[in-house]
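Open the model in your viewer and keep the selection panel at hand. Each stop below says what to select and what is there.

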Amino acid sequence: MSFISAAEADNNTYDVIVVGSGAAGGQTAYTLTMEGARVLMLEAGRRYEPATETPMLQTNADAPLRGSGTPQKPFGFWDATIDGGWDVPGEPYTSASDDPARKFVWWRARMLGGRTNHWGRISLRNGPYDFKPHTRDGLGFDWPIGYNDLAPYYDKVEMLIGVYGANDGLENTPNSSPGVLLPPPKPRASDLLIQQRARKLNIPAVAGHRAVLTKALDHKRLPQILHPGNAKAQKILSEDMQKRAACFFATPCGRGCSIRANYQSTTVHLPPALDTGNLDIVTDAMVRAINKRPDGKAEGVTYIDRKTGAEHRVKARVVVLAASALESVRILLNSGVANSSGKVGKYIMDTVGANFSGQVPMLENLPLHNEDGVDGLHLYTPWWLYKEQLAGKLGFARGYHFEFGGGRTMPGMGTAAGLDWLNGGTYGKKFKEDARRYYGSFVGFAGRGEMIPNDDCYAELDPKVKDRFGIPVLRFHWKWSQHELGQAAHMQKTAAEIIDAMGGRYSMKPQSGEKAIKQGGIIIHEVGGAIMGNDPKKSVTDSFGRCWDMKNLFITDGATLCSNADKNPTLTIMALAWRSSERMLELMKRKEL
Amino acid sequence: MSMDRRTTIKWMLAAAATVPSLQAIAYTPQSFALDVKADQAGYGTDPDLTKEWRPGGPWPLTLGVDARLTTIALCDLIIPADDHSPAASSVGVVDFIDEWISAPYPQQRADREIILPGLMWIEAEARSRFAKAFAAVTDAQRAAIANDICSAGKAATNFAVAAKFFAKFRDLTAGGFYTTPVGMKDIGYVGNVPLEKFDGPPLEVLKKLGLA
């Protein structure tokens, strides 16, 4: 079994159809196939081979426009994303409002592995509070599970994909089990200065957590822990782990990684899953709808071959939506299934984002040294004001973390640009001196916070607009609450205080929440839309992502998240997908699916 | 040339306002730049990331001969040769700027509307002040013009538009230059090299920051 054509898939039978090949689809297919289930994966984009397609070590001078982002490559020329961005030609979405503050923008990628090929690899666990937010402050929804239910799966995912970090034991920032994390990279000079000065403000800075191999995975120990009693899976995984090289501390992760040193579905989940012989993949397969059997269960799906336009139907015992939260919502709405609660499309959330940067004279003209490291997040600041917030001292309800960085990164169009506010505007030899002086002396803080689900943020089908395949598209409604706006203002104000404490300066003062906050969808952490719960009247799935109304339909992507902690959601999505897949295996074994 | 006609006129008037008489402007460039085609496609959403890309590859360059001469002189005024590295024009920055202002994307199209009139203004200014092309005047004469427009914050009102152009042109020149191998070396980027291990900052750096 392997990459097959749509025509070949027509004639096969499968246990499970998995729609999507990113973090959720990859993890679902991995867990299922390693334990013997036969899986058909449908991916809307093209096949993608990181080993041969990744631009490793190319500089910005090797790219058009020095690598700058364009509408065709929004994150820059070398970014791994294929046929993707906030605008995908021929695949529109609409907004119910013309007000920019009430618009949501939707990033998609059309490629095998989806957004895992370019993501930031930041891998943070939700903590105990994050599963019971309503109990804590009366807002939003509690999850039907708690931290302890998911902790074993966080361990498993971290061991499988390889996550560096440290166990700092901070409030609501869980430790991993012993022997799970890889060692964190050494902090950069700017990280250490931020850490020292932030400490004076009682703001912590600890090792970041990212899915990058700072050393090779333990291919003898880990497969035994991950697949106890399954010799075949252990052998496959052990062999595959040996093919993943440790990071060589060069080349930005967003390009993907040909040596497989970071996690992307295409380099970590799919190779061993394919090696089991239990996985077939059809690419360029755009799923239109879930088909219903007379008994009300899912029969399979209908999809369109993007190259030929031909429609295909495939069948399986179980259907899994892992198409990314909002694409799964769209498929559900277009299928007219699993929505007796009326909650499909409701409670969509992104991450609250606000950035702030400054220039620090102390960092000027430091002796030259290589500061590439693992690219991102050597240190970060987890949320630190839980007690003050619970006591009502902050004016907004949920926390955020800071992703920060500085130093001499690979030059691009921003290097030595816009120095006027520092040097008054120079040219000639003086300008060249200034460029050397200021390069590497900037620090940037990205605040990333929790958005609370609200009734004003939802997706529905647009009554008129269809994509180029004739499939109705989503229409978005969006509105931040005072909690998110208050948080965004606090992010900039606090970042400015840290920069002040470093003796730094900034070209612009901290702004109001309305001005500071990034547009909905810009942080690309959209979740919700088919939330899990204990009550079929108020939720779409149970804690396993199993739809209340269609017992053989599961959702394993971010759609089921009923809160969106400041912790970037991908690790949680993978942990949930692993747990859901084990549930499917168990139910299939018991013939209940 | 492709720029909004009203923009052009505004610029030419701005140029005229700085000189004693309009007759001094003897600069009427022919084919200053070719048009960017309205249907120019760009590199697409799935470009080959393994091949070598060079200016002129993904879309045609458009700067004419006169405009290139002005661009060379202005690039090298901003980034001249010094003890660290050669001048900007000697490492392909002119081709890069041409690629930038010839690109079919919104940002670059907007920048083109600043860069092309700005280059014409510079040229007209040199001819009116010194009766020579900008590329042919002396370094001191070029500096006299540059001093009037190098600071967007401090430029006199009649130089405000030109100063905005200069800031944009300087950003493009710097980005074009510091991304090249000699530019990266000059500015002090020593990364992009595969390493066995990452050691973090050396002791002398930590000492300088008071962290060791």
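## Stop 1

Select Asn172(A): 19 C-beta neighbours lie inside 10 Å, so Asn172(A) counts as partly exposed. Keep in mind that this is a predicted model. Asn172(A) sits in the loop between H6 and helix H7 (189–200) of chain A. Check its backbone: phi of Asn172(A) is near 55°, a positive value in a residue other than glycine.

Now select Ala338(A). Its phi is positive too, at about 60°, although Ala338(A) is not a glycine. Ala338(A) belongs to the loop between helix H12 (325–335) and S9 of chain A. Is Ala338(A) buried or exposed? Ala338(A) is buried, because 23 other C-beta atoms lie within 10 Å and the cut-off for a buried residue is 20 or more.

## Stop 2: the sheet in chain A

From that loop, move on to S9 of chain A. Select the strands in the order S4-S10-S11-S12-S9 (chain A). They form an open sheet of 5 strands, with antiparallel pairing. Which strands stand at the edges? They are strand S4 (206–207) and strand S9 (352–359) of chain A. Each has a single partner strand, so one side of each is left without a neighbour in the sheet.

S4(A) is joined to strand S10 (residues 379–381) of chain A by 2 bridges, and the two run antiparallel. Show Val206(A) and Tyr380(A) together: Val206(A) stands opposite Tyr380(A) in S10(A).

## Stop 3: a buried histidine

Select His483(A). This residue is in helix H16 (residues 482–501) of chain A. His483(A) is buried, with 23 other C-beta atoms within 10 Å. Which residues does His483(A) contact, leaving aside its neighbours within four places in sequence? Show Phe396(A), Ala397(A), Arg398(A) and Ile452(A).

The C-alpha atoms of His483(A) and Val320(A) are separated by 34 Å. Along the chain, the two residues are 163 apart.

## Stop 4

Select helix H2 (residues 23–34) and helix H18 (residues 570–589) of chain A. Their axes come within 8 Å and cross at roughly 35°. The crossing of H2(A) past H18(A) is right-handed.

Show the side chains where they meet:

- From H2(A), the contact uses Ala23(A), Ala24(A), Gln27(A), Thr28(A), Thr31(A) and Leu32(A).
- From H18(A), the contact includes Ile573(A), Met574(A), Ala577(A), Trp578(A), Met584(A) and Leu585(A).
- Also on H18(A), look for Thr570(A), Ser580(A), Ser581(A) and Glu582(A).

Colour this contact by class. The residues divide into 9 nonpolar, 6 polar and 1 charged.

## Stop 5: the domains of chain A

Zoom out and colour chain A by its domain assignment. Domain 1 is 1–50 + 110–163 + 210–338 + 527–593. Domain 2 is 170–208 + 352–449 + 481–516. Taken over C-alpha atoms, the centres of the two domains of chain A are 33 Å apart.

Where they touch, 28 residues of domain 1 of chain A are in contact with 26 residues of domain 2 of chain A. On the domain 1 side, select helix H4 (128–131) and helix H6 (147–161) of chain A, the elements that give two or more residues. Which of the elements gives the most to this side? H6(A) does, with 5 residues. By class, the domain 1 side has 15 nonpolar, 4 polar and 9 charged residues.

## Stop 6

Switch to chain B. Chain B has 8 helices and 0 strands. Of its 212 residues, 45% count as buried. Take the contacts in chain B between residues at least 6 apart in sequence: 66% of them join residues at least 24 apart.

Finish at the contact between the chains. The contact takes 57 residues from chain B and 59 residues from chain A. On the chain B side, select the elements that give two or more residues: helix H2 (65–78), helix H3 (93–101), helix H6 (160–178), helix H7 (181–187) and helix H8 (203–208) of chain B. H6(B) gives the most, with 7 residues. Colour the chain B side by class to see 31 nonpolar, 16 polar and 10 charged residues.

Conventions. Residues numbered from 1 in each chain as written. Chains lettered and ligands numbered in written order. Predicted model: local features only at pLDDT ≥ 70, side-chain atom pairs only at ≥ 80, totals over all residues. Contact = placed C-beta atoms within 7 Å. Helix = DSSP H or I, 4+ residues; strand = E, 2+ residues; numbered from the N terminus. Nonpolar A, V, L, I, M, F, W, Y, C, P; charged D, E, K, R; others polar. Domains from an automatic or database assignment. Axes fitted to C-alpha atoms, helices over the stretch in contact; angles between N-to-C directions. Left-handed = near helix turned anticlockwise from the far one by under 90°. Pairing = 2+ DSSP bridges. Buried ≥ 20, exposed ≤ 12 C-beta atoms within 10 Å, placed from the backbone.
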